[in-house]
Each structure stands twice: as C-alpha cells, then as structure tokens.
Amino acid sequence: MSNVLFLNVPGYGHVNPTLGLVDALVKQGESVTYFCTDEFKEKIEKVGAHFISYSKETNPLTKRRKITSEINIGEFLDRIGEMLNSSDAIIKDILDKIKDLEFDYIIYGAMFPYGNIIAQILEIPSISSFAVFATQKELMAQKKEFMDMSLLKNHPINDIYKKVSKQLKQDYNVELPSNMLELFFNKGDINIAYTSKYFVSHIDYYDDSFKFIGPPIYDRKENLDFPFEKLEGKKVIYISLGTVFNNTSSRLYDIFFKSFANTEAIVVMAAYNVDLSAFDIPKNFIVRNYVPQSEILKYTDVAITHAGMNSTSDLLYNNIPFVAIPISADQPYMASRASELGAAISLDKDKLTPEMLKSSVKEVLTNPSYLENIKKISNSFKQTGGYQKAVEEIFNLKKEKHILA
C-alpha cells in the first residue's frame, strides 16, 4: 500500500473526473489524502479518500468570485498576481498539514499551480490530472487580447513572478517554469488525460508521458431523487450549462423556454444556482438545481450543452446527439472539436435565437451522420481502458521509481 497525496482545484470540472481514479486506487489498497475545499468534502470522502481542506484565509483559489465569461486580460493577470503573492502562505499551509505524514507519490490537477512545486519539495514522483484538453495556445487564441505579447511582457506581474521564483528557489530549491502560464498546465512524470487520442487535436502536444484513459465514467452513487417516471415513454431533451458560467446570461434560459415550451418533449434542465424566478417556467420543463446526469442520460434523446469537458464526454460516450452553446474557458475548444469531427452543431451564444436552436436540435436528431460520428468517438473512448488503465500506468510508474509499498 502506498500513501498518495492529491491536490486539486476546487471546481466540479476538475474534481469530478478524479473521483473515479481515487476510487480505483483505494480499491487497489492505496491510501489517498485529498486536498480541496469543504464543498467537495462529501464527494471525496465517499470514494474512500482522507479529506483535508485548504485554509481559506491564505488561499485565493478558495475565494467565491463573481464568475463572468468575459474576464479581461487585466483581471486575469491580477488574479495570477494574487495567486503568486500567496504562494508562500499556500505552500506552508499544505506542508504544515502534512508534516506528520509521508507520501510515496503525488497526484495533482494540472491547473493547480502548486502541484509540481509540492512534488519537487517532497521529492516524490508526480502524476498530473488533465481535465482540460485545450492547450495553452488554443485557450489564449480564443481572446485576441490574450495574444498581445507586448502587453503580457510589460505587465508588472512579470516582476512578481521573478521575485516569487527567486524566493521559492532560495527557500525550497524548486524551479518554476520559464513561462508562468505553464503553472496552469502542470505536467508530471506521467499525465492522465480523460479522453482519447482520436478526440484531441494537436496530438503533437501530447508526448508519451500522456496516458489517454477515456472519459470519467463510473458509478457516482448519486442521490437519485428525481421523477424518472415522468420521462418514461417520452421524448426527452436534456439542457445543462454546467456549474461555472451557467449564470452569466439569463437570455439563454429565455431562449430555452421559448424554444421548447408546450412541445411534446419533456425538457430536463439543470440550473445550478441560477435564479429563474423572473420566468414563467413551462409545464413540460423539469428544472432542478442539480440532476443525476448519468441517470438522466439513459432517457435522453437529444441534449443542449455548454460543452464542458465532463458533459461533452458523457454525451459522446453514451451516443447522444447534441447541440453545443460554448460560453468560455475550454468550452469553445470542446464544441469546435466535436463539430470538426461531425458529431455536433456548435452555436454562437451571442447570435442564438429560438428558431436557430430548434432547427439545430432537429438536425442532430434526424441527420444520421451525427450519430455515426458520435459512435466513432464513443468507440475510441471505450477502447482506452478507463480508470483501470490509469491505475496500471500509475503502478508502472511506481515500479519504475522503485516504490515498493
């Protein structure tokens, strides 16, 4: 049995894919200590890990922020600056909480900026969990101002980064990457990617250290308190804009209601922390703050998604036609990639109309080419080996690094 340290970003899109991995490792006898925020405590403990919370006072990653899809480069760099200035406190917080523990290897979310730093300090092998497939270049290209190299080069954050790099080198003898944005694309000795080689573009970015295990499909043991009987024998449309940027535009929800009100279909809509009190919700809609997605998909004929990694992978894996309305982050990449492969229609959220949405839903439902292309991706997912493949690769790394536990 090995002792495993797990560090992650407090976000559903980052934590959820790792739960099946933790579950599989625990079943193989590994002891996992998982750092995150209290919001994820129950989920993490349910898969058998020991949970430790980050200290809210010292970690800017735990702050509740107003999420917007239109974050500008100034705000973006300010947040990185806040994170960098908190580096010493965050690292000390983690090290203090594990001072009486010993670990054989570490797993961290690729976007957790201190993962590789802690691995260097502890001098243990590292595994990175890649829940985002868009590369740094692809994400930045979505916003032209982010490609303004002169602005990035002359911003005060560069001096902060140099100062922090020097301090961490002095205090812990660790090396930070030359490009500070790589802190959010942390690679490890091996890298777990929750997709297939067939689905990702720019395959040259993914060297042999990347282990493609397919989407995070496992029994989530969710609370199934849902009126499934209302879906029996009905055409079901499932709508979800995720949990991060889902509250940035009430206009989209208005379009959903106008598009499918009083149709024969039952519309299941997840609206996580969205205030819909201003709307007269149609009778054929079932709206919940949270729905058991894996179970809902068993009844779903067609879906409308924000094209987040988890949702897109779930739909493709389960052979469900869908229309994508990407909002921000890696969603435009996921939507465009599915569209490139002929598996979905991607729509511009700012130009969307009820007529456009209805016709697109009809197209993916009635044109057999979409389902044919979805099945190609789904088959590539199912050939990867899943979480068991990830465990095998981790145990191979243990053997290579002479970890006997």
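User: Quick one to begin. In S5, which residue is the bridge partner of Tyr108?
Analyst: Ser128 is the bridge partner of Tyr108. Before going on, a note on the source: this is a predicted model, where local features need pLDDT of at least 70, side-chain atom pairs count only at pLDDT 80 or more, and totals for chains, interfaces and linings use all residues. Residues are numbered from 1 along each chain as its sequence is written, and side-chain values use heavy atoms, with hydrogens and water left out.

User: How many bridges join S4 to S5?
Analyst: There are 4, and the two strands run parallel. Two strands pair if DSSP finds at least two bridges between them. Strands (E, at least two residues) and helices (H or I, at least four) are DSSP runs, numbered from the N terminus.

User: What is the strand order in the open sheet?
Analyst: The order is S3-S2-S1-S4-S5-S6-S7, which makes 7 strands with parallel pairing. Strand S3 (50–53) and strand S7 (210–212) are the edges, each pairing on one side only. On average, neighbouring strands of this sheet are turned by 20 degrees against each other, direction ignored. Axes here are lines fitted to C-alpha atoms, for helices over the stretch in contact, and angles run from 0 to 180 degrees between N-to-C directions.

User: Back to S5. Is it buried or exposed?
Analyst: Buried: 5 of its 5 residues are. Buried means under 20% relative accessible area, exposed over 50%, and partly exposed in between (1.4 Å probe, protein chains only). Ser126, Ser128 and Phe130 are on one side of S5, and Ile127 and Ser129 are on the other. In a regular strand the side chains alternate between the two faces of the sheet.

User: Which helices lie across the sheet strands?
Analyst: Helix H1 (residues 12–27) lies across S1, S2, S4 and S5, at about 160 degrees to S2. Helix H15 (residues 386–400) lies across S4, S5, S6 and S7, at about 175 degrees to S6. Contact means heavy atoms within 4.5 Å.

User: New topic. At what angle do H11 and H14 pack?
Analyst: About 100 degrees, with their axes 8 Å apart. That makes H11 roughly perpendicular to H14. The cut-offs are under 35 degrees for roughly parallel, over 145 for roughly antiparallel, 65 to 115 for roughly perpendicular, and oblique for the rest. Ser313, Leu316 and Tyr317 of H11 make the contact with residues of H14, including Ile374 and Phe381.

User: Why is H11 largely enclosed?
Analyst: Because 8 of its 9 residues are buried. They pack against several elements, among them H1, helix H12 (331–340) and H14. After H11 comes Asn319, with a positive phi near 60 degrees.

User: What sits over the ring of Tyr317?
Analyst: The charged end of Lys382, 4.9 Å from the ring centre. The test is NZ of Lys or CZ of Arg within 6 Å of the ring centre and within 35 degrees of the ring normal. Lys398 has its charged end over the ring of Phe395, 4.3 Å from the centre.

User: How many aromatic pairs are there?
Analyst: The structure holds 16. Tyr253 and Phe256 have ring centres 5.8 Å apart and planes at 85 degrees, so this pair is edge-to-face. Rings of Phe, Tyr and Trp (its six-membered ring) pair if their centres lie within 6.5 Å; planes under 30 degrees apart count as stacked, over 60 as edge-to-face and the rest as tilted. Both Tyr253 and Phe256 are buried.

User: Which residues form the aromatic cluster with Phe35?
Analyst: Tyr54, Phe112 and Tyr114. Phe35 is also the bridge partner of Leu7 in S2.
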